[in-house]
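Open the model in your viewer and keep the sequence beside it. The stops below tell you what to select next.

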Amino acid sequence: MAIAVKLDDLLHDRRMTLTELAERVGMTLANLSILKTGKARAIRFSTLDAICKALSCQPGDILQFEPEQAKRARPAAASKRSASR
């Protein structure tokens, strides 16, 4: 996926643990960990809003588009479509 989650960097900059963020946001540590490691497939705007409030940041501080990842992902997706025809 071409969207990178930079939550780990923000937590480090704010000197905050994932556990502390989970408590402030009202999320489970497991769900925040999934987001932090980039394994999440989606994020609710309400979750993004709560994280931004807790970290005093903008959504763009948490999420970043990485064009090189998008280029690598496209050929694989195209070959899967060709194989299924």
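Predicted model: local features only at pLDDT ≥ 70, side-chain atom pairs only at ≥ 80, totals over all residues.

Residues are numbered from 1 along each chain as its sequence is written, and side-chain values use heavy atoms, with hydrogens and water left out.

**Whole chain.** Show the protein chain as a cartoon: there are 6 helices and 2 strands (DSSP runs, H or I of at least four residues for helices and E of at least two for strands, numbered from the N terminus). From the N terminus on, their order is β-α-α-α-α-α-β-α. Of the 85 residues, 25% are buried (under 20% relative accessible area; exposed is over 50%, partly exposed in between; 1.4 Å probe, protein chains only).

**Core.** Select Leu 7, Leu 11, Leu 21, Leu 32, Ile 51, Leu 55 and Ile 62, which touch the most other members of the 17-residue largest nonpolar core. Helices H1 (7-14), H2 (18-25), H3 (29-36) and H4 (45-55) each give two or more residues to this core, and H4 gives the most, with 5. Such a core is a set of buried Ala, Val, Leu, Ile, Met, Phe, Trp, Tyr and Cys residues joined through side-chain atoms within 4.5 Å.

**Surface.** Now select Ile 3 in strand S1 (residues 3-5). Ile 3 counts as partly exposed because its relative accessibility is 41%.
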